[in-house]
Each structure stands twice: as C-alpha cells, then as structure tokens.
Amino acid sequence: GEIEKGGYEHFMQKEIMEQPTALEDAMRGRVLPDDNKIVLGGLHDVMDDLRDADRVIIAACGTSWHSALVGEYLIEHFARTPVEVEYASEFRYRNPILRDGDVVLVISQSGETADTLAAVREAQRQGVMCLGICNVVGSTIARETDAGVYLHAGPEIGVASTKAFTAQVIVLAMIALKMAEDRTLSHAEFADAVHALASIPDKVRTTLEMDGQIEKMANIYRYSSNFLYLGRGFNFPVALEGALKLKEISYIHAEGYPAAEMKHGPIALIDRFMPVVFIALKDSTYDKVVSNIEEVAARDGSVIAITDEGNGELDELCEYVLRIPQTQEFLSPLLAVVPLQLLSYHIAVMRGCDVDQPRNLAKSVTVE
Ligand code: G6P
C-alpha cells in the first residue's frame, strides 16, 4: 500500500530514488576504502578458484542479462579472464560445452527465474562450479549455487528492475576487482578503484537531482512511437537497458545498439520522428560516439545525449544534453543508467501506463 511506497507514487519511482542507499547497502562491510580492501564473505572459499578460472560464463535473463554484459566488460578489463555471457534460456538448451577451469556465474534478482535455475543445474550436472548473484535471500538459486553474493538492495517490487540492476553492477565490479587484486592490478590501481567505488552512491544522488529536468523532457517525447539507444564499451549494455526500460513500462518500441553498429542497420530508421539517446561520456570511445551523433543530427534525428558534467561540446548537435558526474570509466554505467530509468518512468506515467505492473510481464518468470 501507500506506506510501503514511502511517499512515492509508484514502487518503481521509490526504487529508482533509493539507489544511493541500495548501493551503500550492497557495499556495506565489503568495500573498505580506509583499508583499501574489498571483502566478499560469500566468495571467500571459492575466490582462489575464481581467480584461477580459465573462463567465466555468466548466464541470466532480462535486466540481469544486461548487468551480466557489464560484468563481461568489468571482469575482462580488470582480471583479464575471458567471459562469455549467455541468455540462460539459450544456454540450457544448447547442450553447452563446459570444461575444467570454467566457472559459471548466474545473476538473478528474484533467485527464482526458471531458465536461470536450469543453467545452475546444467553447470552442476557437468560438475562445474556455479556461483550466484541474487537479491532475494534464501531464494532457490541462492540455495542451489555453490557460493555467491547477495545484493542486499532491499525488496524490489516494481516489475521493471532498477535498483537491482545497479546493485548487480556494483557487485560485479567488486568481484572483478577482487579477481584482479595483486594480479593484474597494482596496489595503487586497486586502491584508486576502491575509492571510486565508495564515492558512487553520492554521485548517484547528484544524478537523481536531474529528475525535474527529465520530467520536462518526457513531456516532449511522450508521443514518440520509436526510440533508439546507443552506447559503447561499458555503456553498450546501458543502451540495451535503457531501451528495455522504455518498452517494458511505456510500450514504446525501443532498440538498444552498440553505437558503432548503427551504420549497419538502425541508421536507415533515422528521421525527425526518431529520438536517439546517446551515452556519450568523455571516455575512450567519446570521439567515435560524437561522429555517430553527427550522423544522426545530419539526418534530422532528435538527439538526447548523456555526457559529463561540464561538457558543453554537444549542445549544438543535440536537442537535450543531460550531464552526469564524472567517475572512473568502469563505474559510469551506474550513473548513465539513472537518467534512462527516470525518462522511462516519466514517459510511462504521462502515457497513463501501469508502471509497477506493466501488461503481460511478471516480476519473476518461474515458467520456461
Ligand atoms: C522478468 C522481470 C525482469 C527481470 C527478469 C529476470 O522478466 O520482469 O525485470 O530482469 O525477469 O529476473 P531475475 O529475477 O532472474 O533477475
């Protein structure tokens, strides 16, 4: 009822807004910047095996699959361990090839998704270690995996996942850094990353302050019937997640793409009725993404860009520019996804959609 919503109109809104505390809770006792340490009790006994793994296979569904993709970038970047990301539903039916030295990692907010659970059982059938990242304590996946990490993000009620996504990403960042500690990362690099992690909740707080600005923008874009979301690198999965959020709750057709793939298809769709949301942060891919923005602007597409605080370079090219705080590149998905969540939320509310219970969707899919 109204009390659980804590004064918010919808659970989704509450869950978007409580991300700073959800992330603090996910890091409590785990990210220790004063000691330059990351402690993951649930993985303590298996961390050596994980660090020695030849390959990590991450299986998940929906939004959790998007966080898995960020996890691929994180683990490969920091630990230099090869990662494959699988839709749990495809993995389980492919008679997947697992070998000694593989570690399977499943991600599930609910811990009850049937396909993800089947991936756990397949790993175990083949005698491969299976780790889990779940939010719901005592859930089936949490119980059946060999070890794992809880999100501690608090209950997520809105069908569209928001705080679980950011909590999953932060847990994956902790895991990637832990795998890399004293191995692929110097002491100083590790300490820098730990401090950057600890500073994220406040930066998410700052990012949430653009809620009013995004609500105004939503009023302009509420009548669009298609959206394209583009990002690269660590923020390619954020483009997918932005598109998923919009289609789930507002029923507007949206696609997410790696920005550079635009020229292999989606560019054909661009006209003045096509809003294109770019994640264009000043990172290693910035210049390339700016050329993509120019290509869209030249075809009259309406560009919304998410960029860094203080960056005015995109103002001329774009209809709207949203500025988020700077952080280390690997943590930018945690900030970049927030305006996309808010945009979907406000558009859906303005279209009169049932934000917390969108049609045809379930919070946890316990059937195949
Ligand atoms: C459903 C929900 C999504 C969620 C997905 C995976 O489709 O509507 O929000 O991302 O299941 O759920 P899980 O609990 O396994 O993360």
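This report describes the ligand shell, a helix pair, the nonpolar core and several loop residues of one structure.

The model is predicted, and local features need pLDDT of at least 70, side-chain atom pairs count only at pLDDT 80 or more, and totals for chains, interfaces and linings use all residues. Residues are numbered from 1 along each chain as its sequence is written.

**Ligand shell**

There are 16 residues around the ligand, and Gly62, Thr63, Ser108, Ser110 and Thr113 come nearest. A residue is taken as near a molecule if its C-beta atom, placed from the backbone, lies within 6 Å of it. Helix H4 (residues 62-79) supplies the largest share of this shell, three residues. Helices (H or I, at least four residues) and strands (E, at least two) are DSSP runs, numbered from the N terminus. By class, the shell holds five nonpolar, ten polar and one charged residue. Here Ala, Val, Leu, Ile, Met, Phe, Trp, Tyr, Cys and Pro count as nonpolar, Asp, Glu, Lys and Arg as charged, and the others, Gly among them, as polar.

**Helices H2 and H8**

Helix H2 (residues 19-27) and helix H8 (residues 163-180) have axes that come within 9 Å and cross at roughly 35°. The axes are lines fitted to C-alpha atoms, for helices over the stretch in contact, with angles from 0 to 180 degrees between N-to-C directions. On the H2 side the contact is made by Gln19, Ala22, Leu23, Ala26 and Met27, and on the H8 side by Lys163, Thr166, Ala167, Ile170 and Val171. Two residues are in contact if their C-beta atoms, placed from the backbone, lie within 7 Å. The residues of this contact divide into seven nonpolar, two polar and one charged.

**Nonpolar core**

The largest nonpolar core has 128 residues. Such a core is a set of buried Ala, Val, Leu, Ile, Met, Phe, Trp, Tyr and Cys residues joined through C-beta atoms within 7 Å. The residues with the most contacts inside the core are Ile58, Val106, Ile170, Val171, Ala173, Ala176 and Phe278. H8 gives the largest share of the core, 14 residues. Ile170 and Val171 also belong to the H8 side of the contact with H2.

**Loop residues**

A residue is buried if 20 or more other C-beta atoms lie within 10 Å of its own, exposed if 12 or fewer, and partly exposed in between, with C-beta atoms placed from the backbone.

| Residue | C-beta atoms within 10 Å | Class |
|---|---|---|
| Arg80 | 12 C-beta atoms | exposed |
| His152 | 18 C-beta atoms | partly exposed |
| Asp300 | 11 C-beta atoms | exposed |

Arg80 lies in the loop between H4 and S4, and its phi is near 60°, a positive value in a residue other than glycine. Thr81 is in the loop between H4 and strand S4 (83-87). Leaving aside neighbours within four places in sequence, Thr81 is in contact with Ala53, Val56, Ile75, Glu76 and Met179.

His152, in the loop between strand S7 (147-150) and H8, has a positive phi of about 55° although it is not a glycine.

Asp300 sits in the loop between helix H13 (286-298) and strand S11 (302-308). Asp300 touches Asp271 and Arg272, not counting residues up to four places away in sequence. The C-alpha atoms of Asp300 and Pro275 are separated by 9.6 Å.
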